[in-house]
Amino acid sequence: MNTQIWSEIKQDLRDRIGAESFQNWIEPLEFTGVEEQQAKFRVPTRFFGSWVEKNYGKEICRLFWDKSGMALQLDFDICESRPIQNTPNSSSQLQSPKIITANSYSADRPDLPSNPLDPRYKFENFVTGKSNELAYSAAFRVASGDQVPFNPLFLYSGVGLGKTHLMHAIAWAIQEQDPNKRVLLLSAEQFMYRFVEALRSKSMYGFKEMFRSVDVLLVDDVQFIAGKDSTQDEFFYTFNALVEQNKQVIISADRAPGDIEGMEERIRSRLQWGLMVDIHPTDYELRLGILKSKAEYQRSILPNLYIEEGVLEFLAQRISSNVRVLEGALTRLAAHAEIQKRPIDLDLVHDALADVLRASRQKLTLDIIIKQTAEFYNIRMSDITGKRRMRSVAYPRQVSIYLAKQLTTRSLPDIGRAFGGRDHSTVIHAVKKIDNLMRQDSQVAEEVEALRRRLEA
Ligand code: ADP
Ligand code: MG
């Protein structure tokens, strides 16, 4: 009967707090019944229980009252006990308290084999825009203050979009505020390596002690351990132990937890309990912002560096893949300019970056552009190449022509021909029109950018 009430309460909660929070916080609760005026739940960690209590406790109690007339308190039981330390002889823990008592423990804190932090990867060097500002603020939040606002913070994105940068930035900021904090940053691959090494040298105890002694753990590229079962398990234990002690954990991956194949279900779901934020591909504005900031940095080391007007804009337009490639392009330009004593202008760009530019427009034919634009706007290809002038087809046609000009090296007459035998002035007109619209209307800009990304994917 009480179970019935709980499922009704859950339904109400879902409407009230929204599907996402519901999924994160209510669904994982295991209701085990009512005893002595207490609604009892099993939760995975202490932190989880107190979060639910703090954020949804009142509401849950009120709903119990509404539905059953019972005035209850909530009681959370932690279902997964701390993993047992994997010592060769577990009773030795009792015989050697010096290893686990708090005092001797802090006197003898294991060294942290953290990755050296990259001095370039700080918050102040991270340029924000629409696609990454959420990730930036979440990272910033985690790095400031003593609270653990969400645990874990799970950052994900495609390559080269700033995950590692943000992880280093968090580590820097925490370390700068409090040098005594034990911050451990490593890649999932390094985690595995250490784990295997500990198994091999029979030093699992030390391994566990070390990981459980940190205040903040950052694990980069966690998708790496998918499919590696014993490493996953060990990661899971470490993760739980820290979250349970309310120690901040920050994880990155190249995709959302639910999409990581070969990742155990319990790990996937646990990774979703905190805050998940993705970094979207950069848009033109952000790319330009990043380039400007990197150019300024280059100028600080190469005072004679001269970058002609329009070069950064061209790069931001043409290299739309990841920030690493963008950065690499600029570095390469600076090196060429320095060696050849040339200014950085479009000529140099074409000489020095021919391969990058080629790669970024590889395989993109006018036909593909027309086809994908038609799909994007849900019209027929023949609408794009045809003569009809109503806005529902004329606008997608102009967008398509604009992208053809931007993303290929085909001549204006060529493009005109492919678009149903139009002449080159029509092409120029379409390009100008869309260019202006994009400047005036951010929605248009975003839409065109989205289509461009799709084309370049
Ligand atoms: P990921 O870990 O997501 O693959 P990285 O953090 O390694 O990406 O970023 C790749 C490069 O791009 C790094 O040099 C990083 O500093 C730079 N970068 C990425 N995003 C930004 C940004 N928003 N502002 C400044 N630099 C950035
Ligand atoms: Mg990375």
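**Close-up views of a predicted model**

**View 1. The shell around ligand 1.** Sorted by class, the shell around ligand 1 consists of seven nonpolar, eight polar and four charged residues (Ala, Val, Leu, Ile, Met, Phe, Trp, Tyr, Cys and Pro count as nonpolar, Asp, Glu, Lys and Arg as charged, and the others, Gly among them, as polar). The model is predicted, with local features requiring pLDDT of at least 70 and side-chain atom pairs pLDDT 80 or more, while totals for chains, interfaces and linings use all residues. Residues are numbered from 1 along each chain as written, chains are lettered from A and ligands numbered from 1 in written order, and side-chain values rest on heavy atoms, without hydrogens or water. Among the 19 residues around ligand 1 (a heavy atom within 4 Å), those that come nearest are Val127, Gly160, Thr164, His165 and Glu327.

**View 2. Polar contacts of ligand 1.** Oxygen atoms of ligand 1 take part in polar contacts (N or O pairs within 3.5 Å) with backbone and side chain: a polar backbone atom of Gly160 lies 2.7 Å from one such oxygen, a polar side-chain atom of Thr164 is 2.8 Å from an oxygen of the ligand, and for a polar side-chain atom of Lys163 the distance to a ligand oxygen is 2.9 Å. Of the 560 Å² of accessible area that ligand 1 has on its own, the protein covers 96% (Shrake-Rupley method, 1.4 Å probe). Two or more residues of the shell come from each of α7 (163-177), α12 (284-301) and α14 (323-340), where helices are DSSP runs of H or I with at least four residues and strands are runs of E with at least two.

**View 3. The cis peptide bond at Pro152.** Asn151 and Pro152 are joined by a cis peptide bond, with omega at about -5°. Pro152 belongs to the loop between α6 (133-143) and β4 (153-156).

**View 4. The largest pocket.** The largest pocket holds about 800 Å³ of space (1 Å grid over protein atoms alone, 1.4 Å probe, an open set with protein on both sides within 12 Å along at least five of seven lines, and lining atoms within 4 Å of a point; the volume is that filled by probe spheres set on points joined across faces, edges and corners). Its lining comprises 28 residues, and Tyr284, Gln317, Tyr402, Met438 and Arg452 lie nearest the centre. At least two lining residues come from each of α12, α13 (311-318), α19 (391-407), α21 (424-440) and α22 (442-456), with α22 giving the most, seven residues. By class, the lining of the largest pocket has nine nonpolar, seven polar and 12 charged residues.

How values were computed
Polar contact = N/O pair within 3.5 Å; in protein donor to acceptor, adjacent residues only side chain to side chain.
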